[in-house]
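Colleague: I am new to this structure and would be grateful for a close look at one part of it, the surroundings of its aromatic residues. Could you take me through them step by step?

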Amino acid sequence: MMVNMSRLASLSAFPPYSRSSKHPTINQSKTIQRIVTETGPLIPRKIWQIYFNAKEAVLGDTPSWLVKNVDYTYSLVGLDGGNRYVNQHYTHNQELLQTYHAITNTGAKSDLLRYLILSVEGGTYTDTDTVAIKPIDDWVPPHLRHLVRIIVGIEYDALGAPPREDMQRELQFCQWTISAAPGHPIFMQMADRAIKSLHEIANAHDTKIEDLHPTGVEVVNSTGPVGWTDVVFQYLQEVDSGIVRLGNLSGITEPTLYGDMLVLPIDGFGMGQTHSNSTHDGSIPEAALLQHRFRGSWRGEGD
């Protein structure tokens, strides 16, 4: 795998986060030499999926993740398990706790839960309608594993043209799959944004969160890929002053490292689509790490 490191920030800026802090900080005592020689992966070997449907889970694509990733732990989190997890790890944040339990839309609840799990545990979250193509261990080249704390993929790229009518950004990141180290600050930033957005939507409808029935667009904008794109873009601007608009990432053809974030080109997580220069001729491109089959019940009855 070729990786563009032209945007790599100073190595000394990315030593391990302090996991004991709600807002992880940089440990300035670590030296560049220690970082360079510390070649183990920062992203733990964990796979997470969420299934909120009351019906028996149909997981026809999940075996691909198990077969490709021997020695990884696998967790399928249901509604009750999600409730227990949030109760266990987020009692210190009552607004988050109360909002999570009040959400009735399963899509919004699943969105929020994936951010909360990855914030604490790290690992790889992937929707139940994704198929693994390459082992997760191969997603990051060995010489970069001590630098990459989060992997994100592009799902839509207008390629310099105006965005499609159904898209609100000129470039959008997917959140059907996210891989990260525990404690990455982006997840609590996203959780805070999602909670604020949901309360704004509830206020606009003159109702409470527990009585809110958001539209698909409202879910996408608040907890889903539009909200996620905005938070990822904000983070990228913090680590690279050269990124002033989403279009600066348009058309990338190889994984590119920005600070501690590895941004994948469209085929990384988004092959098989009929837009954005995604490969859709029936072949599997070399850059493809997984395929999203877009057959989940999504924002309705389950994940």
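**Aromatic residues and their surroundings**

Modeller: Tryptophan 228 has a relative accessibility of 0% and therefore counts as buried, the limit for that term being under 20%. The model is a predicted one.

A search of the whole structure gives five aromatic pairs. In one of them, tyrosine 115 and tryptophan 228 are stacked, with 5.5 Å from centre to centre and 15° between the planes. This pair connects distant parts of the chain, since tyrosine 115 belongs to helix H5 (residues 106-121) and tryptophan 228 to helix H8 (residues 225-239), 113 residues apart. Tyrosine 115 is buried, its relative accessible area being 0%.

Another pair consists of tryptophan 176 and phenylalanine 294, whose ring centres are 5.3 Å apart. Their planes meet at 80°, so this pair is edge-to-face, the cut-off for that class being over 60 degrees. Here too distant parts of the chain are linked: tryptophan 176 is in the loop between strands S6 (171-173) and S7, phenylalanine 294 is in the segment after strand S10 (290-292), and 118 residues separate them. Tryptophan 176 counts as buried at 5% relative accessibility, whereas phenylalanine 294, at 48%, is partly exposed.

Trp65, Trp139 and Phe269 form one aromatic cluster. A charged residue also faces a ring: lysine 109 lies over the face of tyrosine 100, 4.4 Å from the ring centre.

The largest nonpolar core has 55 residues, and Phe173 and Trp228 touch the most other members. The greatest contribution to this core comes from helix H6 (residues 186-204), with ten residues. Beyond its neighbours up to four places away in sequence, phenylalanine 173 touches residues including Val152, Ile154, Pro225, Trp228, Val232, Leu249 and Val263. A second, separate core of 20 residues includes Trp176, together with Ile43, Val140 and Cys174. In soluble globular proteins, nonpolar side chains tend to be buried together.

Strand S3 (residues 123-126) runs antiparallel to S7 and is joined to it by four bridges, with tyrosine 125 opposite isoleucine 178. Strand S5 (residues 150-157) is also antiparallel to S7, through two bridges, and isoleucine 151 stands opposite serine 179.

Terms used: Residues numbered from 1 in each chain as written. Predicted model: local features only at pLDDT ≥ 70, side-chain atom pairs only at ≥ 80, totals over all residues. Heavy atoms only, no water. Pairing = 2+ DSSP bridges. Core = buried A, V, L, I, M, F, W, Y, C linked by side-chain atoms within 4.5 Å. Buried < 20%, exposed > 50% of the residue type's maximum accessible area, 1.4 Å probe, protein only. Contact = heavy atoms within 4.5 Å. Phe/Tyr/Trp six-rings, centres within 6.5 Å; stacked < 30°, edge-to-face > 60°. Lys NZ or Arg CZ within 6 Å of the ring centre and 35° of its normal.
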